[in-house]
Amino acid sequence: MADKDVPHANGNVNEGNGHVPEIQLIIKASTIDGWRKGVCLFCQEYFMDLYLLSELKTISLKVTTVNVQKPPADFRSNFDANPPPILIDNGMAILENEEIERHIMKNVPGGYNLFVQDKEVATLIENLYIKLKLMLLNKDYVSINRLLSHLRRINLHLEKKNTRFLTGDTMSCFDCELMPRLQHIRVAGKYFMDFQMPVGLRHLWRYMLRMYQLDAFVQSCPSDQDIVKHYKQQQNLMLRSVSTKKHEELETPTFTTSIPLELDLQDE
């Protein structure tokens with residue numbers, strides 16, 4: 001393809017290993033510059049899944065971005081109108097999200113370890129993203145409180161579970177699903193609504209701090225500017241604050257990976 005690889009390890013997480021299969025993941029490019037990582041929750045989720053497997057050296061991962069607004073000719077000819085994410089394994093392209101998940105779980109070496117079965121956690125994180133979108137759309141206290149209530153439930157689960165991640169002390173597919181959504185809540189919530197997760201959600205902040213320290217999240221995360229522009233475009237928000245006059249295209253990309261200064265969680 002003519003577009004550029006995500007610029008880490010020349011697009012490959014572990015190169016030069018002929019004993020593991022190479023998996024290619026095509027993800028959306030930034031709508032700001034057309035080549036760096038763009039905003040797509042499913043793209044980031046599968047990027048994280050596969051990155052974790054590449055760290056275990058069960059696969060070699062190549063991640064490629066494609067500008068869906070101006071896709072190169074070879075992309076159009078190979079995939080028609082199918083948008084990313086697209087997974088390619090041994091020449092076979094998997095185009096649908098559910099099929100990608102199923103393929104990682106059943107066909108990618110080590111993938112079955114990521115896709116654990118936990119109905120409680122699946123229910124817990126379900127519909128969190130919808131609450132963010134409703135808050136940005138409605139801009140009312142009801143929507144804010146519903147989002148806060150959901151975040152409190154996740155915080156309570158982490159407190160009771162007392163493990164590093166949602167289902168245990170190793171990451172699972174649920175963490176790769178939840179953390180990108182939490183990042184959108186932080187960045188978009190702050191920008192559009194001055195919404196901030198309460199400092200009192202200590203267990204949730206500790207969880208996010210752990211995720212911020214993992215390459216699987218850092219390497220897959222789009223910039224704050226891309227997240228902001230995504231919601232400006234997709235939700236067509238009528239914004240009134242002075243900050244809406246910013247031009248994300250002119251800004252140096254930044255990445256929110258800090259926690260509130262009043263929280264001291266490093267040694268916990």
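**A walk from the sheet to its helices**

Let's start with helix α3 (residues 97–107), which lies across strands β3 and β4 and runs at about 35 degrees to β3. Here helices (H or I, at least four residues) and strands (E, at least two) are DSSP runs, numbered from the N terminus. Axes are lines fitted to C-alpha atoms, for helices over the stretch in contact, and angles run from 0 to 180 degrees between N-to-C directions. The model is a predicted one, in which local features need pLDDT of at least 70 and side-chain atom pairs count only at pLDDT 80 or more, while totals for chains, interfaces and linings use all residues. Residues are numbered from 1 along each chain as its sequence is written, and side-chain values use heavy atoms, with hydrogens and water left out.

Now look at the sheet. It is open, with 4 strands in the order β2-β1-β3-β4 and mixed pairing; two strands pair if DSSP finds at least two bridges between them. Because β2 (60–66) and β4 (92–94) stand at the edges with a single partner strand each, one side of each has no neighbour in the sheet. From one strand to the next, the twist averages 20 degrees. Strand β1 (residues 22–28) pairs with β2 in the parallel sense over 7 bridges, and L25 has V63 in β2 as its bridge partner. Helix α1 (residues 41–55) packs on this sheet, touching β1, β2 and β3 (86–89), and its direction makes about 155 degrees with that of β1. Contact means heavy atoms within 4.5 Å.

How do the two helices meet? α1 and α3 pack at an angle of about 10 degrees, with their axes 12 Å apart. F42, E45, Y46, D49, L50 and L53 in α1 meet N97, I100, E101 and I104 in α3.

Which residues of α3 are buried? They are I100, H103 and I104, where buried means under 20% relative accessible area, exposed over 50% and partly exposed in between (1.4 Å probe, protein chains only). Seen down the axis of α3, the buried residues fall within an arc of 95 degrees, so they line one face of the helix; the arc is that of the directions from the helix axis to the C-beta atoms. These buried residues pack against α1, β3, β4 and α4 (111–114). On the other side of α3, E98 and K106 are exposed.
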